[in-house]
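Dear colleague,

Please find below the structure that I am handing over to you. My notes on it follow directly after.

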Amino acid sequence: EEFKRFMFSLAVRNGYGNYKETVLIGDGAAWIRSMKEELFPDAQQILDFYHLCENVYSYAKSVFSADENIYKPWAKEMCESLKKSKYEYVLDVIKKIKVKKRDKSSLNLSQYIINNINNIDYADYIKRGYFIGSGAAESANRYVLQERLKLPGMRWDAANGQAVLSLMAKLKSGLWERDVVKASYRHYGVKPARAFPY
């Protein structure tokens with residue numbers, strides 16, 4: 001509940017409600033689908049393509065007894081088909097596989113795809129210019145957060161760390177002039193440096 005409040009507040013502060021389109025990328029977990037329906041009913045949710053492919057490869061490895069000569073080409077073909085939005089074909093192929101006994105820990109790939117059927121039209125998403133993976137956000141975690149906070153000798157408490165990360169996010173997002181410089185001038189009557197050396 002706390003995460004949902006934070007997520008919605010962040011979305012509103014960043015203009016949710018004024019966008020023509022809103023897209024959420026997630027790993028297919030049921031709680032993310034539920035949160036999307038509750039908070040962002042007008043949004044398009046996208047199942048992270050690379051997460052889906054990880055599951056395809058894990059499933060293939062399991063059902064083909066880890067034989068790389070069989071499971072890797074099979075998984076590659078399924079991922080390529082899914083990227084072209086041929087999920088009905090993939091479901092049909094999976095249905096024809098005779099699995100004697102599925103390991104309790106292994107994924108039911110068919111059900112996973114069916115649960116996310118409204119979130120895997122990758123051909124359309126690519127055509128619209130949407131991201132189909134969360135790589136950009138994960139990369140930002142490394143280049144915005146870790147790069148600044150994990151340098152040798154760095155020590156942060158929550159408040160100071162958040163302040164630095166907010167400034168880094170503005171800088172890396174190209175919003176330094178618009179948000180930081182103008183706000184500083186408006187509040188303090190001084191113009192800060194155009195950027196800082198990190």
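In these notes a residue is called buried when its relative accessible area is under 20%, exposed when it is over 50%, and partly exposed in between, with a 1.4 Å probe and protein chains only. The areas themselves come from the Shrake-Rupley method with a 1.4 Å probe, and for residues only the protein chains shown count as cover. The model is a predicted one, in which local features need pLDDT of at least 70 and side-chain atom pairs count only at pLDDT 80 or more, while totals for chains, interfaces and linings use all residues. Residues are numbered from 1 along each chain as its sequence is written, and side-chain values use heavy atoms, with hydrogens and water left out.

Leaving aside residues up to four places away in sequence, Lys36 touches Leu24, Pro41, Ala43 and Gln45, where contact means heavy atoms within 4.5 Å. The C-alpha atoms of Lys36 and Val23 are separated by 9.7 Å, and these two residues are 13 residues apart along the chain.

Asn119, in the loop between α6 and α7, also counts as buried, because its relative accessibility is 9%. With residues up to four places away in sequence again not counted, Asn119 touches Arg33, Gln44, Gln45, Ile46, Leu47 and Tyr125.

Salt bridges

A salt bridge here is a side-chain nitrogen of Lys or Arg within 4 Å of a carboxyl oxygen of Asp or Glu. By this rule the count comes to nine. Lys36 takes part in one of them, with Glu37 as its partner and 3.1 Å between the closest N and O atoms.

Within helix α4, Glu68 and Lys72 lie four residues apart, about one turn of the helix, and their side chains meet in a salt bridge at 3.6 Å, N to O. Glu68 is partly exposed at a relative accessible area of 47%, and Lys72 is partly exposed at 37%. Helix α5 holds Lys96 and Asp92, likewise four residues apart, about one turn of the helix; the N to O distance in their salt bridge is 3.1 Å. Lys96 counts as exposed at 59% relative accessibility, whereas Asp92 counts as partly exposed at 33%.

Nonpolar cores

A nonpolar core is a set of buried Ala, Val, Leu, Ile, Met, Phe, Trp, Tyr and Cys residues joined through side-chain atoms within 4.5 Å. The largest has 29 residues, and those with the most contacts inside it are Leu52, Val56, Trp74, Leu82, Ile113 and Tyr122. At least two residues of this core come from each of β2 (44–47), α3 (49–63), α4 (68–83), α5 (87–96), α6 (109–115) and α7 (122–128). A second, separate core of seven residues includes Tyr16, Leu24, Leu39 and Ala43. Ile113 touches Leu52, Leu82, Tyr87, Val90, Leu91, Ile94 and Ile120, residues up to four places away in sequence not being counted.

Aromatic pairs

Rings of Phe, Tyr and Trp (its six-membered ring) pair if their centres lie within 6.5 Å; planes under 30 degrees apart count as stacked, over 60 as edge-to-face and the rest as tilted. The structure holds ten such pairs. In one of them, the rings of Phe49 and Tyr50 have their centres 5.3 Å apart and their planes at 80°, so this pair is edge-to-face. Phe49 is buried at 6% relative accessible area, while Tyr50 is partly exposed at 48%. Tyr59 and Trp74 form a tilted pair, with 6.0 Å from centre to centre and 40° between the planes. Since Tyr59 lies in helix α3 and Trp74 in helix α4, this pair ties together parts that are 15 residues apart in sequence. Both Tyr59 and Trp74 are buried. Phe49, Tyr50, Tyr122, Tyr125 and Tyr130 form one aromatic cluster.

A nonpolar surface patch

Patches are made of residues with over 30% relative accessible area and no salt bridge, with like charges joined within 9 Å and nonpolar side chains (Val, Leu, Ile, Met, Phe, Trp, Tyr) within 5 Å. Phe3, Phe6, Leu10 and Trp31 form a nonpolar patch on the surface, with about 440 Å² of accessible area together. Helix α1 (residues 2–13) contributes the largest share of this patch, three residues, and Phe6 lies in that helix.

With kind regards
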